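Student: I'd like a close look at one part of this structure. Please keep it brisk.

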Amino acid sequence: MARMVGTPGQAFRVRRDVTTAMALAQRLQQVRHHTLELIAPLESEDLCLQGMADASPPKWHLGHTTWFFETFVLKPALAAGQITGFEPAPEAWSYLFNSYYDAVGARHPRPERGLLSRPPIAAVLAWRQRVDAALQQLLSRPDACGPSAEQLSLLELGLQHEQQHQELLLMDLLDGFSRNPLEPVYDAAPEARFASAWRQPSAGSGHEPRWLSHPGGLVEIGHPGAAAGFHFDNEAPRHRVWLEPFAIAERLVSNGDFAAFIADGGYRRPELWMSEGWAAVQQRGWQAPRYWRGSDAFSLAGRQQRDGEAPVRHLSWFEADAYARWAGARLPSEAEWELLADQLPQAFGVLWQWTASPYRPYPGFAPAAGAVGEYNGKFMSSQMVLRGSCHLTPAGHERRTYRNFYGPACRWMASGVRLARDSQQQASP
Ligand SMILES: [Fe+2]
């Protein structure tokens with residue numbers, strides 16, 4: 001399952017000036033260092049762990065994010081004489097660490113990334129250092145031969161891309177660890193972030209959710225453009241959408257709520273499910289969210305007792321949709337979610353929230369020219385949009401217009417459910 005991320009495309013261009021270059025140099029150092037912090041709790045054997053075809057080993061994430069900078073920023077800079085002394089990785093590494101860019105060439109099969117015991121982690125880490133040094137060299141060049149606006153934009157994209165892979169690394173690791181009978185503990189920090197993020201006093205957990213109403217009408221969604229900061233191409237252009245009157249729940253669906261669905265035969269009642277979802281329940285033997293284990297749940301902090309008031313997580317779109325139907329509600333459209341996101345508790349930093357919206361281009365969408373145009377646009381079929389961000393998302397990476405997307409049967413990402421419903425108020429003309 002490809003999940004990934006967007007390119008700034010034609011819509012986003014970084015300003016070409018010294019301040020921008022200096023800010024990028026500083027963020028480059030921070031973001032790249034954070035990836036190394038994420039693997040610090042791991043044993044060397046963990047670095048090759050791939051629990052399933054959709055997931056990738058930590059070492060692969062480290063190599064792939066580095067490949068992205070080398071391929072799209074450094075090799076062109078080297079050819080243009082902007083940097084000196086940089087030695088790219090052996091050509092065969094491009095085959096290993098290309099994810100899905102057809103324009104760049106053939107690649108190693110995704111389900112077999114866990115077989116790559118070589119190159120060893122020391123060689124990958126040394127490559128990361130060489131790439132970081134070369135990027136800093138490029139950013140520190142005087143203006144005349146320094147990075148172009150396009151190169152700065154690609155560098156920004158590389159940073160955003162690495163942040164996406166920081167989250168992927170953790171969710172892939174959770175999948176891998178969940179398959180080990182020893183129930184390994186990664187680290188307590190992600191669970192601590194989850195707990196502090198969902199326990200917002202305004203969320204009213206443990207009670208009937210409060211509903212926030214909107215009269216509907218003609219509204220605008222989508223990113224307003226480069227002046228408002230970075231965005232992936234799939235968030236633009238901003239455009240108008242007509243909404244009927246609706247209400248959206250102020251808190252996410254909890255473990256306790258979802259346990260009531262299960263107790264009411266939720267996984268045994270075909271009338272609650274989309275046909276494809278019901279087939280998935282049968283074929284995959286789903287009886288509960290992905291990491292539930294009796295009255296416990298498995299997380300990056302290992303196995304722990306489940307908190308009934310905490311938001312339920314690791315649900316597929318099919319499960320979210322069936323739950324909503326059982327609850328006499330529905331999932332919000334992404335336009336409804338975006339419109340009220342700033343007023344909603346638990347919108348960011350807790351769990352990605354499934355929407356009723358299929359992942360399709362906004363009206364007027366145009367992917368970027370060249371290989372990075374493959375970043376987002378080619379995945380706009382057979383997937384559903386999730387909004388918000390989760391406790392595994394790096395700080396500062398979330399955005400009200402951010403469109404995440406996965407296939408409707410996927411449930412290894414930190415996904416949750418927020419309900420919506422139609423309301424009777426009149427839309428304003
Ligand atoms: Fe990627």
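In which sense do strand 4 and strand 12 pair, and over how many bridges?

Tutor: This is a predicted model, where local features need pLDDT of at least 70, side-chain atom pairs count only at pLDDT 80 or more, and totals for chains, interfaces and linings use all residues. Residues are numbered from 1 along each chain as its sequence is written, and side-chain values use heavy atoms, leaving out hydrogens and water.

Now the strands. Strand 4 (residues 246-249) pairs with strand 12 in the antiparallel sense, over three bridges. Strands are DSSP runs of E, at least two residues long, and helices are runs of H or I, at least four, all numbered from the N terminus. Two strands pair if DSSP finds at least two bridges between them. Within this pair, Ile248 stands opposite Ala420 of strand 12. Strands of a sheet pair through backbone hydrogen bonds, either parallel or antiparallel.

Glu235 and Arg399 meet through their side chains in a salt bridge (2.6 Å, N to O). A salt bridge puts a side-chain nitrogen of Lys or Arg within 4 Å of a carboxyl oxygen of Asp or Glu. Glu235 sits in the loop between strand 2 (217-221) and strand 3 (239-243), and Arg399 in the loop between strand 9 (384-387) and strand 10 (404-406), so the pair ties together parts 164 residues apart in sequence. Glu235 counts as buried at 0% relative accessibility. Arg399, at 14%, counts as buried too. Buried means under 20% relative accessible area, exposed over 50%, partly exposed in between (1.4 Å probe, protein chains only).

Finally, Glu338. It lies in helix 10 (residues 334-340). At 1% relative accessibility, Glu338 counts as buried. Its side chain makes a polar contact with the side chain of Arg387 (2.9 Å). A polar contact is a pair of N or O atoms within 3.5 Å; within protein, one must be able to donate a hydrogen and the other to accept it, and residues adjacent in sequence count only if both atoms are side-chain atoms.
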